[in-house]
Amino acid sequence: MSTSPLGQISRLATTLILLGMLHVAGIGPARLDRLPAAERPNIVLIMADDLGFADLGCYGSEIQTPHLDALARSGLRFNQFYNTAKCHSSRICLLTGLYMFQAGNTRMDRGVTIAEALRRAGYRTAMSGKWHLDGQPTDRGFERYFGHLSGSTNYFTGDSTFRLNGEKFDVPSQGFYTTDAITDYAIDFMQEFSGGDAPFFLYVAYNAPHYPLQVKEKDFAKYRDVYRVGWDAIRQARFDRQIASGVLPADTRLSPRPPEVPAWESLPPDRQHWEAERMAAFAGMVDCLDQNIGRLVEHLRSQGQLDNTIILFCSDNGACPFERTKGRQYRPWDPRSYWTYDVGWAHVGNTPFRKYKQNQHEGGISSPLIVSWSHLATPPGAVTDQPGHLIDLMATCLDLAGAEYPREHQGRPVEPLQGRSLVPIFQGRTREPHPWMYFQFSGNRALRRGDMKVVRAKDGPWELYDLSRDRTELDDLTDAMPDVAAELEDLWYWVAENVERAPAAMRKRIERESTERQSTTASPRTRPSKTND
């Protein structure tokens, strides 16, 4: 079989055409797992942690991210890609293609992982980075694993949950930085797999830039003075770049600074200095993350694997507003430090949207998705406004691999796949959209159907927005369109009970709703049934 670049391109183009024909015909990829390994791409799926929609250069940021920017220039960006607004639930959705409780929560015992599904189809599988779920990755289909099982870690000293291939890993006492180590082992795993004929799936889950904001001194130095102009000026500049670059439509409105964020000019000089320093630490961590992604790309290029590897980069939630700083007296490259930032810079990270990590408003659930592959059918640097969700990544990987989603795994039944493949979008086509997309975390709730979205912050009322005209959720239409609002609210409760199967306490109706607003005539197959909770 030819191994020339032209031969590879021809075979991969044929594969994409076949995938497209099957989609059009309504046939799944069940028989494509018999394709030769050379015709199936390697898949590198990268997730950042607590990275806001606007924290990359190619999404408007002043932070230097040349490697991710290069992937975006040659690839495809999504401007309506959704997460779950929280670390562990986003990882469940990414790995299983199911909503959190639908998958069995952190046990994921109602689903399978991408690694388990692709391993059945002949892929080699590896993970490097943060797990934050039950068990270990090596229990869930990953042949190789390095990283920490915890939800966050000290970047310089690690913690007791670090593992290497299922065994305890002792973090070196000197010269260790978590972001670099995650990349080191990811490269080692790719190098190991390059000696065989099988394609590989690599999941790289960086802890960065999740707090603590611990940064190398050289990376901090690049941003030491950048943020002295304050969050108001930085946010406006990010928004201007988003509009100028086309990552957002020209008619997008910038949401105003909320009451919980003071005007920068109102802060005393010492507070301004502190705020500028901790944002410099965050920026240095993002810069380092980008440097490491450059290392991954360069390794693939040096091994002649880049053209046959699809890279997908996303984030688990919007920027984080939690003030949990300890050890402020230590510089952020001192392992004893534990800096965070809070709402002021999180508001910047989520430009132009409202709200933050944990909220189901656009600021909490919108994140970048960059897709880079030499066989995309979209123009280089294209931006798509077709909505997608982390639950779509399982179906996308199966589609690319020509693998089928199992009905059972290790003797137990598996929930039907909730996500839908993004491959039609990669092919430059309009895919069949989700009938609805559902969101919840700890009393924060949302549901999007078409362009209409209902959303509520914890302890707040439901709100209704038309995202085709109001992506930044500034004009609440609840009073103007009460029937639409009621219908979508009812649909949220129906999905929570019948699809996600969330615990009753997490889908309890808020008091202001009356039974008169509940649908009593809808078919449960298409609209919600009345609930008694």
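Is Cys397 buried or exposed? In this predicted model, Cys397 counts as buried because its relative accessibility is 2%, and the cut-off for burial is under 20%. Cys93 falls in the buried class as well, because its relative accessibility is 1%. The structure contains zero disulfides.

The sheet considered here is open and has four strands. Their order is β14-β15-β16-β17, and the pairing is antiparallel. Strands β14 (437-441) and β17 (463-466) are the edges, each pairing on one side only. On average, neighbouring strands of this sheet are turned by 15° against each other, direction ignored.

Within the sheet, β15 (residues 444-449) and β16 (residues 452-456) are joined by five bridges in the antiparallel sense. Ala446 faces Val455 of β16 across this pairing. Four bridges link β16 to β17, again in the antiparallel sense. Here Val454 has Leu464 of β17 as its bridge partner. The hairpin of β16 and β17 has six residues between the strands. Asp459 in this hairpin adopts a positive phi near 70°.

Side chains in a regular strand alternate between the two faces of the sheet. In β17, Glu463 and Tyr465 point one way. Leu464 and Asp466 point the other way. All four of these β17 residues are buried. Helix α14 (residues 482-498) lies across β14, β15, β16 and β17. Its direction makes an angle of about 110° with β15.

The whole structure holds 30 aromatic pairs. One of them joins Phe53 and Tyr59, with ring centres 5.2 Å apart and planes at 75°. This geometry is edge-to-face. Both Phe53 and Tyr59 are buried. Phe78 and Phe81 also form an edge-to-face pair, at 6.0 Å centre to centre and 75° between the planes. Phe78 is buried because its relative accessible area is 0%, under the 20% cut-off. Phe81 is likewise buried, because its relative accessible area is 1%. The distance of the centres and the angle of the planes together describe a pair of aromatic rings.

One aromatic cluster is formed by Tyr99, Trp436, Tyr438, Trp462, Trp492 and Tyr493. Tyr493 of this cluster also has a charged neighbour: Arg509 lies over the face of its ring, 4.1 Å from the ring centre.

With neighbours within four places in sequence left aside, Gly151 is in contact with Asp49, Lys130, His132, Asn207 and His210.

How values were computed:
Residues are numbered from 1 along each chain as its sequence is written. This is a predicted model: local features need pLDDT of at least 70, side-chain atom pairs count only at pLDDT 80 or more; totals for chains, interfaces and linings use all residues. Side-chain values use heavy atoms; hydrogens and water are left out. A disulfide is a pair of cysteine sulfur atoms within 2.5 Å. Buried means under 20% relative accessible area, exposed over 50%, partly exposed in between (1.4 Å probe, protein chains only). Two strands pair if DSSP finds at least two bridges between them. Helices (H or I, at least four residues) and strands (E, at least two) are DSSP runs, numbered from the N terminus. Axes are lines fitted to C-alpha atoms, for helices over the stretch in contact, and angles run from 0 to 180 degrees between N-to-C directions. Contact means heavy atoms within 4.5 Å. Rings of Phe, Tyr and Trp (its six-membered ring) pair if their centres lie within 6.5 Å; planes under 30 degrees apart count as stacked, over 60 as edge-to-face and the rest as tilted. A charge sits over a ring if NZ of Lys or CZ of Arg is within 6 Å of the ring centre and within 35 degrees of the ring normal.
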